[in-house]
Amino acid sequence: MSKAFRIVALAGLGAALAFVPGGFGASPKSSTAFPTEPVRLTMWWWGEQEAAGAKKWLTDTIALYNKKHPNVTIKTVLQTTDGLIPAFKAAAAAKKGPDLQYFWGGIWALEDAWAGNTKPVSDYIPRSELKHYLNSSEETFGGKIWTAPWYVQPSFPVLYRKDVLARAGVAVPRTWAAMLKACDRLNAKGITPFAGGVKDGWFGGWLYSIIGAQGIRSISDVLDATTGKKKFTDSDQAAWWTRLQEMRDHKCWNDDINSLVLYNGQQRWAQGKAAMTVTAGSDVKKWIQQVGVAKVGLMAMPKWGNGPYAGRLGSTSQTVGITAWTKYPEVAADFIVFMHTPERMKAWSKTTGAFPADDRFNTSVITIPQLKSLFGLVKNGAPYLENFIPTELDSKANFGQSQLLLGGNTDAIGAAQATEKIAQRIRVTQRKLMANFKKWSASYR
């Protein structure tokens, strides 16, 4: 991941030259001429919410691409967190809308690939280029890479306030037992241990991933539970609910966690009203700048399990895909490759503080100590569990049951049983999805 940049050569525009995505050379598809007529692309995206500065970077990148290819204009539409998926589902049903679409990794990208809503990027971007994109295995199915990693999402670090912990006389908790004791001591002093928000559900998926990964041995365990070879009530799958209940019972979270959305919960921490919070790795720079470098520490979720992923951050990449209905898939692919050129990767890191999903990224541009630490953690990152279960299971089980458990309306056993019940229904009612999951599972053996 820390390799020096390698130059990606992109030749000039010209109808007489054979067009190949990312440059003029060998292509996965037969060569065609770069279009000389006006090309208008639309890109629907998300990410400003977790990588502040992404909007400016994308605007600048499109302007530079337009200088290179004056006949190509790219319109962008920034989606809301809750609207990203529904908007694209509606576009896919109508077979019109964006030419380039933002996807979270893993199943969030593959479900649309299986539905025929995207073209595989590996049909348009050479493997020699794609091999540098980080976490592309999450988007690989049937021998093809379906969406292109854009930036790495270290998933998800715990940020702690050194000043708040010091004022309370509490050491940074590095183990699960120490964390629960810290929660007790902080509460005794009137300080909220962790700030969060699950009103919008998304944090439930995060918690599943960063706590649940500690109990399993491999991604196959999760895929097998999805397809029914195992169950979500098995001890390795269900243990995370017990850990989350322990956090609830030790009052580790703000009392109003069910009344706050994810980002509002994190803001409580920034205001000094909580000792710790969980954030997107791509958003660390923003929070550090708000609070101050000297006051912030960063770590993985304290360790409770003894599996290979315990004590490690997850590592996934947010991605960009080419829609099935675009008239210009080659141009869309060329723009994706342009996003990965050395200058644009450097600009991405400087503007957002997040890491490009590319092993050619020159890490010497990282100057904030916490980001250097984060990059070290993500280099040995664990799989991000939320990307390997059906999205419906995630929203109805992880989102919904986390809200119920943290609100005191269910317990660990009930949450695990509800998860398995939802999984059983999906196995029966979505047989095509299950068939794809079984094929996907086979690739991890």
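Two residues are said to be in contact when heavy atoms of theirs lie within 4.5 Å. The model discussed here is predicted.

Setting aside neighbours within four places in sequence, Asn 254 is in contact with Thr 192, Phe 194, Ala 195, Gly 196, Leu 260 and Arg 268. Asn 254 sits in the loop between α9 (235-249) and α10 (262-270). The side chain of Asn 254 also makes a polar contact of 2.8 Å with the side chain of Asp 256. Is Asn 254 buried or exposed? Its relative accessibility is 6%, and buried means under 20%, so Asn 254 counts as buried.

The rest of the chain gives the setting. Of its 445 residues, 60% count as buried. The protein chain contains 17 helices and 15 strands. Its radius of gyration is 22 Å, close to the 22 Å given by the globule rule for 445 residues, so the chain is as compact as a globular protein of that length. The C-alpha trace spans about 75 × 50 × 35 Å along its principal axes.

Contacts can also be viewed across the chain. Among those between residues at least 6 apart in sequence, 79% join residues at least 24 apart.

Technical notes. Residues are numbered from 1 along each chain as its sequence is written. This is a predicted model: local features need pLDDT of at least 70, side-chain atom pairs count only at pLDDT 80 or more; totals for chains, interfaces and linings use all residues. Side-chain values use heavy atoms; hydrogens and water are left out. Helices (H or I, at least four residues) and strands (E, at least two) are DSSP runs, numbered from the N terminus. The radius of gyration is taken over C-alpha atoms; the globule rule is 2.2 Å times the number of residues to the power 0.38. Buried means under 20% relative accessible area, exposed over 50%, partly exposed in between (1.4 Å probe, protein chains only). A polar contact is a pair of N or O atoms within 3.5 Å; within protein, one must be able to donate a hydrogen and the other to accept it, and residues adjacent in sequence count only if both atoms are side-chain atoms.
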